[in-house]
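Here is a short report for a first look at this model. Please keep the sequence and the 3D view open while you read.

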Amino acid sequence: MFSALLKLPGQCEVCRSWPARALCEACVARFARPKPRCRLCALPLNTGTPVCGDCLLNPPPWQACLAGLDYAYPWAGVLGRFKFRQSAGLAASLASLMRSAPWVEPALDEAEVLLPMPLSTQRLKERGYNQSLLLARQLAPEKVQAQTLLRIRHTEAQSELPREQRLRNVAGAFALEPTAAASLAGKRVVLLDDVMTSGASLRAAALPVQQAGVAHLTCLVLARTPAPMHA
Ligand SMILES: [Zn+2]
Ligand SMILES: [Zn+2]
(Lines give C-alpha, C1' and ligand atoms only; values in the text may rest on other atoms or scores of the structure.)
(Ligands and ions follow the chains in the order given, each with its own letter.)
Protein backbone atom coordinates (compact mmCIF):
# COMPACT_ATOMS: atom_id res chain seq x y z
CA MET A 1 0.00 0.00 0.00
CA PHE A 2 2.89 2.34 0.75
CA SER A 3 4.14 2.26 -2.83
CA ALA A 4 0.59 2.99 -4.05
CA LEU A 5 0.53 6.07 -1.86
CA LEU A 6 3.75 7.26 -3.39
CA LYS A 7 2.44 6.91 -6.93
CA LEU A 8 2.20 10.38 -8.37
CA PRO A 9 -1.17 11.33 -9.87
CA GLY A 10 0.45 12.06 -13.20
CA GLN A 11 -1.53 9.76 -15.44
CA CYS A 12 -5.25 9.85 -16.23
CA GLU A 13 -7.00 6.78 -14.74
CA VAL A 14 -9.23 6.50 -17.82
CA CYS A 15 -7.19 7.27 -20.92
CA ARG A 16 -3.67 6.97 -19.43
CA SER A 17 -2.64 10.22 -21.07
CA TRP A 18 0.26 12.25 -19.72
CA PRO A 19 0.47 14.77 -18.25
CA ALA A 20 -2.80 14.95 -16.37
CA ARG A 21 -4.42 14.79 -13.00
CA ALA A 22 -5.87 11.52 -11.70
CA LEU A 23 -8.72 12.14 -14.15
CA CYS A 24 -8.09 14.37 -17.14
CA GLU A 25 -10.52 17.10 -18.18
CA ALA A 26 -11.22 15.49 -21.55
CA CYS A 27 -12.32 12.20 -19.94
CA VAL A 28 -14.50 13.99 -17.37
CA ALA A 29 -16.18 16.02 -20.13
CA ARG A 30 -16.68 12.92 -22.25
CA PHE A 31 -17.72 10.29 -19.69
CA ALA A 32 -19.08 12.16 -16.65
CA ARG A 33 -21.77 14.36 -18.17
CA PRO A 34 -24.64 14.93 -15.69
CA LYS A 35 -27.92 13.27 -16.64
CA PRO A 36 -31.51 13.28 -15.35
CA ARG A 37 -31.97 10.60 -12.69
CA CYS A 38 -34.79 9.22 -10.56
CA ARG A 39 -34.93 11.29 -7.34
CA LEU A 40 -35.31 8.16 -5.23
CA CYS A 41 -32.88 5.66 -6.75
CA ALA A 42 -30.69 7.75 -9.11
CA LEU A 43 -31.52 5.53 -12.07
CA PRO A 44 -30.95 7.41 -15.34
CA LEU A 45 -34.39 8.54 -16.59
CA ASN A 46 -35.36 9.81 -20.02
CA THR A 47 -39.07 10.00 -19.27
CA GLY A 48 -39.15 13.56 -17.91
CA THR A 49 -40.68 12.24 -14.66
CA PRO A 50 -38.97 12.82 -11.30
CA VAL A 51 -39.36 9.25 -10.02
CA CYS A 52 -39.07 5.90 -11.81
CA GLY A 53 -41.90 3.37 -11.90
CA ASP A 54 -40.15 0.96 -9.53
CA CYS A 55 -39.74 3.63 -6.85
CA LEU A 56 -43.40 4.62 -7.18
CA LEU A 57 -44.40 1.02 -6.44
CA ASN A 58 -41.76 0.28 -3.83
CA PRO A 59 -40.35 3.52 -2.36
CA PRO A 60 -36.94 3.14 -0.70
CA PRO A 61 -36.45 4.12 2.98
CA TRP A 62 -34.93 7.54 2.22
CA GLN A 63 -36.07 10.89 0.85
CA ALA A 64 -33.55 11.38 -1.97
CA CYS A 65 -30.80 9.54 -3.81
CA LEU A 66 -28.03 11.17 -5.83
CA ALA A 67 -25.32 9.64 -8.00
CA GLY A 68 -22.21 11.13 -9.54
CA LEU A 69 -21.56 8.61 -12.30
CA ASP A 70 -22.88 5.53 -14.07
CA TYR A 71 -21.31 2.31 -12.85
CA ALA A 72 -20.33 1.40 -16.39
CA TYR A 73 -17.42 1.96 -18.77
CA PRO A 74 -15.00 3.55 -17.96
CA TRP A 75 -15.87 4.18 -14.31
CA ALA A 76 -16.39 0.54 -13.29
CA GLY A 77 -12.74 -0.12 -14.10
CA VAL A 78 -11.52 3.06 -12.39
CA LEU A 79 -13.54 2.25 -9.26
CA GLY A 80 -12.30 -1.35 -9.24
CA ARG A 81 -8.77 -0.04 -9.05
CA PHE A 82 -9.73 2.56 -6.43
CA LYS A 83 -11.21 -0.19 -4.24
CA PHE A 84 -7.92 -1.99 -3.92
CA ARG A 85 -5.41 0.80 -4.32
CA GLN A 86 -5.66 3.81 -2.10
CA SER A 87 -4.87 6.99 -3.98
CA ALA A 88 -5.39 10.40 -2.46
CA GLY A 89 -5.27 12.05 -5.90
CA LEU A 90 -7.95 9.75 -7.28
CA ALA A 91 -10.15 10.16 -4.17
CA ALA A 92 -10.00 13.95 -4.61
CA SER A 93 -10.84 13.74 -8.32
CA LEU A 94 -13.74 11.31 -7.77
CA ALA A 95 -15.10 13.45 -4.92
CA SER A 96 -15.04 16.52 -7.13
CA LEU A 97 -16.98 14.59 -9.82
CA MET A 98 -19.58 13.73 -7.17
CA ARG A 99 -19.80 17.32 -5.99
CA SER A 100 -20.43 18.61 -9.50
CA ALA A 101 -23.36 16.23 -10.13
CA PRO A 102 -26.79 17.90 -9.94
CA TRP A 103 -28.11 18.58 -6.39
CA VAL A 104 -25.08 17.11 -4.62
CA GLU A 105 -23.57 20.40 -3.45
CA PRO A 106 -26.83 21.67 -1.84
CA ALA A 107 -27.44 18.23 -0.26
CA LEU A 108 -23.98 18.34 1.33
CA ASP A 109 -24.45 21.96 2.44
CA GLU A 110 -27.78 21.21 4.10
CA ALA A 111 -26.62 17.99 5.74
CA GLU A 112 -25.52 18.02 9.36
CA VAL A 113 -24.11 14.51 9.36
CA LEU A 114 -22.32 12.49 6.69
CA LEU A 115 -22.28 8.74 7.31
CA PRO A 116 -19.94 6.63 5.16
CA MET A 117 -21.09 3.05 4.51
CA PRO A 118 -18.98 0.92 6.84
CA LEU A 119 -17.05 -2.18 5.85
CA SER A 120 -16.97 -5.28 8.01
CA THR A 121 -13.80 -5.72 10.06
CA GLN A 122 -12.88 -8.65 7.83
CA ARG A 123 -13.29 -6.63 4.60
CA LEU A 124 -11.41 -3.70 6.12
CA LYS A 125 -8.51 -6.03 6.91
CA GLU A 126 -8.46 -7.34 3.32
CA ARG A 127 -8.50 -3.86 1.74
CA GLY A 128 -6.72 -1.78 4.32
CA TYR A 129 -9.12 1.16 4.00
CA ASN A 130 -12.75 2.12 3.41
CA GLN A 131 -13.17 3.95 0.11
CA SER A 132 -16.52 5.47 1.19
CA LEU A 133 -14.86 7.04 4.22
CA LEU A 134 -12.09 8.35 1.99
CA LEU A 135 -14.66 10.03 -0.29
CA ALA A 136 -16.66 11.37 2.68
CA ARG A 137 -13.55 13.04 4.09
CA GLN A 138 -12.98 14.75 0.74
CA LEU A 139 -16.59 15.94 0.48
CA ALA A 140 -17.39 17.31 3.96
CA PRO A 141 -14.71 16.37 6.51
CA GLU A 142 -16.30 18.36 9.35
CA LYS A 143 -19.59 16.43 9.01
CA VAL A 144 -18.21 12.89 8.79
CA GLN A 145 -19.18 10.47 11.56
CA ALA A 146 -17.17 7.32 10.92
CA GLN A 147 -18.12 5.42 14.09
CA THR A 148 -21.90 5.97 14.16
CA LEU A 149 -23.12 3.50 11.53
CA LEU A 150 -21.58 0.10 12.09
CA ARG A 151 -21.48 -3.10 10.11
CA ILE A 152 -22.19 -5.68 12.76
CA ARG A 153 -22.14 -8.74 10.56
CA HIS A 154 -19.84 -9.80 7.74
CA THR A 155 -21.78 -10.70 4.59
CA GLU A 156 -20.95 -12.49 1.36
CA ALA A 157 -19.97 -10.35 -1.60
CA GLN A 158 -23.26 -8.95 -2.92
CA SER A 159 -22.23 -9.02 -6.56
CA GLU A 160 -22.48 -12.81 -6.70
CA LEU A 161 -26.07 -12.98 -5.46
CA PRO A 162 -29.43 -12.48 -7.19
CA ARG A 163 -31.54 -9.57 -5.95
CA GLU A 164 -33.83 -11.30 -3.43
CA GLN A 165 -30.85 -12.99 -1.86
CA ARG A 166 -29.03 -9.67 -1.68
CA LEU A 167 -31.78 -8.23 0.51
CA ARG A 168 -31.72 -11.29 2.77
CA ASN A 169 -27.92 -11.33 2.82
CA VAL A 170 -27.64 -7.80 4.27
CA ALA A 171 -30.76 -7.71 6.48
CA GLY A 172 -29.66 -6.84 10.00
CA ALA A 173 -26.04 -6.32 8.95
CA PHE A 174 -26.03 -2.67 10.08
CA ALA A 175 -26.68 -0.95 13.40
CA LEU A 176 -26.01 2.38 15.03
CA GLU A 177 -23.43 2.75 17.77
CA PRO A 178 -25.77 2.91 20.81
CA THR A 179 -24.38 6.10 22.33
CA ALA A 180 -24.33 7.92 18.96
CA ALA A 181 -27.84 6.89 17.85
CA ALA A 182 -29.67 9.59 19.83
CA SER A 183 -27.53 12.33 18.29
CA LEU A 184 -29.07 11.64 14.85
CA ALA A 185 -32.64 12.49 15.90
CA GLY A 186 -33.97 15.45 13.92
CA LYS A 187 -30.81 15.74 11.81
CA ARG A 188 -30.41 15.97 8.06
CA VAL A 189 -28.21 13.03 7.15
CA VAL A 190 -26.35 11.95 4.03
CA LEU A 191 -25.45 8.27 3.69
CA LEU A 192 -22.52 7.80 1.33
CA ASP A 193 -21.57 4.67 -0.63
CA ASP A 194 -19.17 4.13 -3.50
CA VAL A 195 -21.30 1.86 -5.71
CA MET A 196 -25.05 1.24 -5.81
CA THR A 197 -26.26 -1.80 -7.74
CA SER A 198 -29.43 -3.41 -6.33
CA GLY A 199 -29.64 -0.86 -3.50
CA ALA A 200 -29.97 -3.73 -1.01
CA SER A 201 -27.02 -2.65 1.17
CA LEU A 202 -28.21 0.96 1.28
CA ARG A 203 -31.73 -0.14 2.21
CA ALA A 204 -30.39 -2.30 5.04
CA ALA A 205 -28.16 0.53 6.29
CA ALA A 206 -30.90 3.15 5.98
CA LEU A 207 -33.29 1.31 8.30
CA PRO A 208 -31.47 1.89 11.61
CA VAL A 209 -30.72 5.47 10.51
CA GLN A 210 -34.43 6.15 9.89
CA GLN A 211 -35.31 4.45 13.17
CA ALA A 212 -33.10 7.00 14.95
CA GLY A 213 -35.62 9.65 13.87
CA VAL A 214 -33.60 11.62 11.33
CA ALA A 215 -35.36 14.59 9.72
CA HIS A 216 -34.17 13.79 6.18
CA LEU A 217 -32.02 11.10 4.64
CA THR A 218 -30.23 11.41 1.30
CA CYS A 219 -28.25 8.55 -0.18
CA LEU A 220 -25.25 9.75 -2.13
CA VAL A 221 -23.32 7.31 -4.28
CA LEU A 222 -20.29 7.76 -6.44
CA ALA A 223 -21.55 5.37 -9.13
CA ARG A 224 -24.91 3.81 -9.92
CA THR A 225 -25.60 0.85 -12.21
CA PRO A 226 -27.63 2.25 -15.11
CA ALA A 227 -30.21 -0.61 -14.80
CA PRO A 228 -33.28 -0.70 -12.56
CA MET A 229 -32.79 -1.26 -8.83
CA HIS A 230 -35.50 -3.92 -8.63
CA ALA A 231 -34.34 -5.98 -11.59
ZN1 LIG B 1 -8.20 10.99 -19.60
ZN1 LIG C 1 -36.20 5.10 -8.90
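In which hand, left or right, does α9 pass α11? The crossing of α9 with α11 is right-handed.

## Ground rules

This is a predicted model: local features need pLDDT of at least 70, side-chain atom pairs count only at pLDDT 80 or more, and totals for chains, interfaces and linings use all residues. Residues are numbered from 1 along each chain as its sequence is written, while chains are lettered from A and ligands numbered from 1 in the order in which they are written.

Helices (H or I, at least four residues) and strands (E, at least two) are DSSP runs, numbered from the N terminus.

## Helices α9 and α11

Helix α9 covers residues 163–170, and helix α11 covers residues 200–211. Their axes come within 8 Å and cross at roughly 30°. Axes are lines fitted to C-alpha atoms, for helices over the stretch in contact, and angles run from 0 to 180 degrees between N-to-C directions. The two helices are therefore roughly parallel to each other. Angles under 35 degrees count as roughly parallel, over 145 as roughly antiparallel, 65 to 115 as roughly perpendicular and the rest as oblique. As for the hand, a crossing is left-handed if the near helix is turned anticlockwise from the far one by less than a right angle, and right-handed if clockwise.

On the α9 side, the contact uses R166, L167 and V170. On the α11 side, A200, S201 and A204 meet them. By class, the α9 and α11 contact holds four nonpolar residues, one polar and one charged. Ala, Val, Leu, Ile, Met, Phe, Trp, Tyr, Cys and Pro count as nonpolar, Asp, Glu, Lys and Arg as charged, and the others, Gly among them, as polar. Contact means that two C-beta atoms, placed from the backbone, lie within 7 Å.

## Helices α5 and α8

Now take α5 (residues 88–99) and α8 (residues 131–139). Their axes come within 9 Å and cross at roughly 65°. The pair is therefore roughly perpendicular. This crossing is right-handed.

From α5, the contact is made by A91, A92, L94, A95, M98 and R99. From α8 come L134, L135, Q138 and L139. Eight of the residues in this contact are nonpolar, one is polar and one is charged.

## How covered is α8?

Helix α8 is mostly covered, with seven of its nine residues buried. A residue is buried if 20 or more other C-beta atoms lie within 10 Å of its own, exposed if 12 or fewer, and partly exposed in between; C-beta atoms are placed from the backbone. The buried residues are Q131, S132, L133, L134, L135, A136 and L139. They pack against α4, α5, α6, β2 (113–116), β5 (188–196) and β6 (216–224).

Look at L133, in helix α8. L133 is buried, with 21 other C-beta atoms within 10 Å. Leaving aside neighbours within four places in sequence, L133 touches P116 and A146. M117 is 16 residues away from L133 along the chain, yet their C-alpha atoms are separated by 7.4 Å.

## The nonpolar core

Which residues of the largest nonpolar core touch the most other members? They are V189, L191 and V209, out of 66 residues. A nonpolar core is a set of buried Ala, Val, Leu, Ile, Met, Phe, Trp, Tyr and Cys residues joined through C-beta atoms within 7 Å.

V209 touches L115, L149, L184, V189, L191, V214 and L217. That list leaves out residues up to four places away in sequence.

## Loops and backbone details

The peptide bond from Y73 to P74 is cis, with omega near -5°. P74 sits in the loop between β1 (64–70) and α4 (75–84).

R16 is not a glycine, yet its phi is positive, at about 65°. R16 lies in the loop between α1 (2–6) and α2 (25–31). R16 is exposed, with 10 other C-beta atoms within 10 Å. W103 also has a positive phi, near 75°, and is a residue other than glycine. W103 is in the loop between α5 and α6 (104–110). With 14 C-beta neighbours inside 10 Å, W103 counts as partly exposed. A67 is 36 residues from W103 in sequence and 9.5 Å from it in space, C-alpha to C-alpha.

T47 belongs to the loop between α2 and α3 (53–57). T47 is exposed, with 10 other C-beta atoms within 10 Å. T47 and R37 are 10 residues apart in sequence, and 9.7 Å apart from C-alpha to C-alpha.
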